[in-house]
Amino acid sequence: GSPSDFLKQVVGEHVVVRLNSGVDYRGVLSCLDGYMNIALEQTEEYVNGVLTNSYGDAFVRGNN
C-alpha cells in the first residue's frame with residue numbers, strides 16, 4: 001500500500017512524532033491531512049528522552 005494508506009490505518013493508535021529539532025511528541029493520532037498537519041490526543045512531549053510536558057490535545061503543523 002501507499003504511505004497514505006498506512007497513515008489512515010494508524011489513526012486512533014499511539015504514535016511518536018519526531019520533529020527535526022529532535023523533540024518527540026507521543027500520543028494518540030486523532031487526524032492528519034495532506035500537509036502532514038497532525039492532531040494528537042493524550043500528548044506527551046519528550047526532549048532527549050525525558051518527559052518535559054503533558055498536553056490533552058496537541059496540533060503539530062506540517063511543512064508544505
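Which residues make up the largest nonpolar core?

1. Basis of the note. The model is predicted, so to speak of its local features pLDDT of at least 70 is needed, and side-chain atom pairs count only at pLDDT 80 or more, whereas totals for chains, interfaces and linings use all residues. Residues are numbered from 1 along each chain as its sequence is written, and side-chain values use heavy atoms, with hydrogens and water left out.

2. The core. The largest nonpolar core has nine residues, namely Val10, Val15, Val17, Val23, Tyr25, Leu29, Ile38, Leu40 and Val60; such a core is a set of buried Ala, Val, Leu, Ile, Met, Phe, Trp, Tyr and Cys residues joined through side-chain atoms within 4.5 Å, where buried means under 20% relative accessible area with a 1.4 Å probe and protein chains only. Strand S1 (14-18), strand S2 (24-32) and S3 each give two or more residues to this core, a strand being a DSSP run of E with at least two residues, numbered from the N terminus.

3. S1 with S2. Histidine 14 has valine 28 of S2 as its bridge partner, and in the hairpin, which has five residues between the strands, glycine 22 takes a positive phi near 95°.

4. S2 with S3. Seven bridges join S2 and S3 in the antiparallel sense, with leucine 32 standing opposite isoleucine 38 of S3. Five residues lie between the two strands of this hairpin, and methionine 36 in the turn has a positive phi of about 65°.

5. S3 with S4. Nine bridges join S3 to strand S4 (residues 50-60), and the two run antiparallel; the hairpin has two residues between the strands, with asparagine 48 at a positive phi near 55°. Isoleucine 38 has valine 60 as its bridge partner in S4, and valine 60 also has contacts (heavy atoms within 4.5 Å) with Leu19, Met36 and Asn37 among others, not counting residues up to four places away in sequence.

6. Threonine 43. A polar atom of its side chain lies 3.5 Å from the backbone oxygen of leucine 40. Leaving out residues up to four places away in sequence, threonine 43 touches Tyr25, Arg26, Gly27, Asn53, Ser54, Tyr55, Gly56, Asp57 and Ala58.

Technical notes. A polar contact is a pair of N or O atoms within 3.5 Å; within protein, one must be able to donate a hydrogen and the other to accept it, and residues adjacent in sequence count only if both atoms are side-chain atoms. Buried means under 20% relative accessible area, exposed over 50%, partly exposed in between (1.4 Å probe, protein chains only). Helices (H or I, at least four residues) and strands (E, at least two) are DSSP runs, numbered from the N terminus. Two strands pair if DSSP finds at least two bridges between them.
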